[in-house]
Amino acid sequence: MKSIVAGREPVTATEFVELALGIDLELFTGPAAESALERAARLDVAREVLAELRESDPEAAAYAASLLRTLPLTSRPSGQRPRRTVRRAVPVRSGVAA
């Protein structure tokens with residue numbers, strides 16, 4: 001059986017939630033990398049949408065509010081490379097008693 005929402009067939013569970021609830025998940029959770037200015041603008045819009053949702057659909061508003069509390073993926077400050085840890089193999093000596 002196919003699940004069709006609003007005339008569209010969702011491919012992923014995330015897409016199904018977005019279509020069924022009418023909530024853009026990325027608006028509330030944020031993309032993997034965004035600047036501080038982009039984040040502030042996105043959160044302003046998300047708060048406005050959340051205020052409207054609270055009036056029209058309290059259940060969807062509760063879900064959207066929980067999305068706002070999720071931690072976004074952390075990104076490294078630009079220009080910094082990740083720290084690399086190198087593990088060196090310990091040579092095994094045969095015939096040596098401990």
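A residue is called buried when its relative accessible area is under 20%, exposed when it is over 50%, and partly exposed in between (1.4 Å probe, protein chains only). Helices are DSSP runs (H or I, at least four residues), numbered from the N terminus.

The model is predicted, and local features need pLDDT of at least 70, side-chain atom pairs count only at pLDDT 80 or more, and totals for chains, interfaces and linings use all residues. Residues are numbered from 1 along each chain as its sequence is written, and side-chain values use heavy atoms, with hydrogens and water left out.

**Helix α4**

In α4, the buried residues are Ala 60, Ala 61, Ala 64, Ala 65 and Leu 67. They lie on the same side of α4, because they cover an arc of only 155° around the axis; the arc is that of the directions from the helix axis to the C-beta atoms. Pro 58 and Glu 59 are exposed and sit on the face of α4 turned away from its buried side. The cover over the buried residues includes α2 and α3.

**The core**

A nonpolar core is a set of buried Ala, Val, Leu, Ile, Met, Phe, Trp, Tyr and Cys residues joined through side-chain atoms within 4.5 Å. The largest one here has 12 residues, among them Ile 23, Leu 50 and Leu 53. Helices α2 (25-29), α3 (36-56) and α4 (58-68) each supply at least two residues of this core, and α4 gives the most, with five. In soluble globular proteins, nonpolar side chains tend to be buried together.

Leu 67, in helix α4, is buried with a relative accessible area of 10%. Its contacts (heavy atoms within 4.5 Å) are Ile 23, Leu 25, Phe 28 and Thr 29, not counting residues up to four places away in sequence. Leu 67 and Leu 27 are 40 residues apart along the chain, and their C-alpha atoms are separated by 9.2 Å. Ala 46 is in contact with Leu 27, Phe 28 and Leu 68, leaving aside its neighbours within four places in sequence.

**Salt bridges**

A salt bridge is a side-chain nitrogen of Lys or Arg within 4 Å of a carboxyl oxygen of Asp or Glu. The structure holds two.

| Salt bridge | N to O distance |
|---|---|
| Arg 42 and Glu 34 | 2.9 Å |
| Asp 44 and Arg 47 | 3.6 Å |

Arg 42 counts as buried, at 10% relative accessibility, while Glu 34 is partly exposed at 21%. Asp 44 is partly exposed, with a relative accessible area of 43%. Asp 44 and Arg 47 both lie in helix α3, three residues apart, about one turn of the helix.
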